[in-house]
Amino acid sequence: MNAELEEATPPHTYVIGVDFGTLSGRAVVVRVSDGTELAAAEHPYRHAVLDRALPDGTPLPPDWALQVPTDYLDVLRTAVPEALVRSGVLPEQVIGIGTDFTACTMLPVLADGTPLCDLPEFTGRPHAYVKLWRHHAAQAQADRITALADERKEPWLKRYGGKISSEWEFAKALQLLEEDPELYELTDRWIEAADWIVWRLSGTYLRNACTAGYKGQYQDGGYPSADYLAALNPGFADFVTDKLEHPIGQLGGLAGRLTAEAAQWTGLPEGIAVCVGNVDAHVTAPAATAVEPGRMVAIMGTSTCHVMSSDQWAEVPGMCGVVDGGILPGLWGYEAGQSGVGDIFGWFVRTAFPTSYAEEAATLGRDAHEHLTALAADQKVGEHGLIALDWQSGNRSVLVDHDLSGLLVGLTLSTRPEDVYRALLEATAFGTRTIIEAFETSGVPVRELIVAGGLTKNALLMQIYADVTRLPLGVIDSAQGPALGAAMHAAVAARAYSDIRGAARAMGKARPAVYLPDPDRAADYDRLYAEYRLLHDYFGRGTNEVMHRLRRIRAQASA
């Protein structure tokens, strides 16, 4: 912090960070001077994720994942005031608010920001709703976007590892155009939820540099050309100029001031700083003190996002993007990820946790995950005789194919639930090692892995990751990493710090090398990982297309 700014900042000021996750929003009150988190509050989304039907009962096809935007506003009305009351901080002591969001989470809105699903005539139209990050029904559009870009040698394609994801802005927008052209025409703005919530807080619409670069193919000051978009679909030619393009705000920048309406929702003072929006994973890196090259942060929750800054540019196969200053000013920001991690463990518990196990867990005072983890922890590496592919929600990196699906090999009549559970834990670790190796072989070294997110509480999982990757594994020293990161960026927007590195030095927190790889277990995991890679390439790189064929058969049966 420079002296001039330090003198201007009262000794006891605070910022609010709000993390909008997949199922809930969390608010945290943070002291500006040292990053102490005084209180937090969580508010679950009333509609959660719409993946089977809309609120009015309209059924949804496979691979859809939608949300209701009013659920996000309820977080501001509920979690923020609750956290403030719990903290004991006076509203007038708060100098700024920052937010982060899942991405790429998109919604179609009118010129004044009204979501189309808020209009009574469109409540039964699926394309009027928020398309959550894990909406994977635009895979066909993503495949065409990639194929055409490759054919035309579009220069931006290499910045995304050679493939464009179905999770991103252009694929979801093209799906909207081709499946509901009326709603596409009515859409004035195709907007990231990260920017929509800041618009609602500040009255100002700015595109944040993070999602524009990683999810919107914005590179070197521009988007894909109108000529390229017209070649995809003539009706898509003016998509950028008509619905997407907008001034871009830099990370940690001031988007505007809290409006009277938002002040009433949150209980915060009108006029305090509102920070430019950000992505849940990227905003966490400085909170985990990862402000130097070579420190990869894995934000592990329902999915995992891997982010890292480097002073070297490289084309990493299957990465989700590399953006100049996408995480930290002056460094290349890299992103990769896994579409399903905690979601996979949750799916297994929902569908394959026997009654006898549930009764035993209740007797021991454990929840299902704790019980299966305790049983799995007693095993030696390879004892269960299983290997799994972690693709229940498709593959984000390095294959970028959301039509892939999960696989489990080695089942026998002696296989127990804890065996499968451990195999799934290990499969996600193998997926992370695949990503790290892609970076390493491309000339972008990874020296340390720092984990944030709810899964850090599972010590067995953390040790497996250290053993599988052969890297020292640090842990963020916060239960609310993204919200802390959002609060730190708010402190920069409020000019308490001159830049995010200064905020990270004072407010960030992580415990380095909490888990170290065990050489013997790591060697045993090398053998299992070799089998994982054989299956990974066999089913994921075109040798056997059975997963894609099964997906088509399911779609035909559903239709």
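1. Val 18 has Thr 99 in β5 as its bridge partner. The two strands involved, β1 (residues 14-20) and β5 (residues 94-101), run parallel and are joined by 7 bridges; strands count as paired if DSSP finds at least two bridges between them, and the elements themselves are DSSP runs numbered from the N terminus, helices being H or I of at least four residues and strands E of at least two.

2. The model is predicted, so that local features need pLDDT of at least 70 and side-chain atom pairs count only at pLDDT 80 or more, whereas totals for chains, interfaces and linings use all residues. Residues are numbered from 1 along each chain as its sequence is written, and side-chain values use heavy atoms, with hydrogens and water left out.

3. The open sheet consists of 6 strands in the order β3-β2-β1-β5-β12-β11, with mixed pairing. At its edges lie β3 (37-44) and β11 (254-257), each of which pairs on one side only. Helix α2 (residues 70-87) lies across β1, β2, β3 and β5, at about 150° to β3, while helix α6 (residues 193-202) lies across β1, β5, β11 and β12, at about 155° to β5; axes here are lines fitted to C-alpha atoms, for helices over the stretch in contact, and angles run from 0 to 180 degrees between N-to-C directions.

4. Helices α15 (residues 417-441) and α19 (residues 519-540) pack with their axes 10 Å apart and at an angle of about 75°, and are therefore roughly perpendicular, a label given to angles of 65 to 115 degrees.

5. Arg 533 in helix α19 and Glu 437 in helix α15, 96 residues apart, form a salt bridge with their closest N and O atoms 3.5 Å apart, the criterion being a side-chain nitrogen of Lys or Arg within 4 Å of a carboxyl oxygen of Asp or Glu. Arg 533 also meets Asp 537 in a salt bridge of 3.9 Å, N to O, and shared partners place Arg 533, Glu 437 and Asp 537 in one network that includes Arg 433, Arg 470, Asp 526 and Arg 541.

6. Arg 533 counts as partly exposed because its relative accessibility is 24%, and Glu 437 is likewise partly exposed at 28%; the class lies between buried, under 20% relative accessible area, and exposed, over 50%, with a 1.4 Å probe and protein chains only.

How values were computed. Parallel < 35°, antiparallel > 145°, perpendicular 65-115°, else oblique. Contact = heavy atoms within 4.5 Å.
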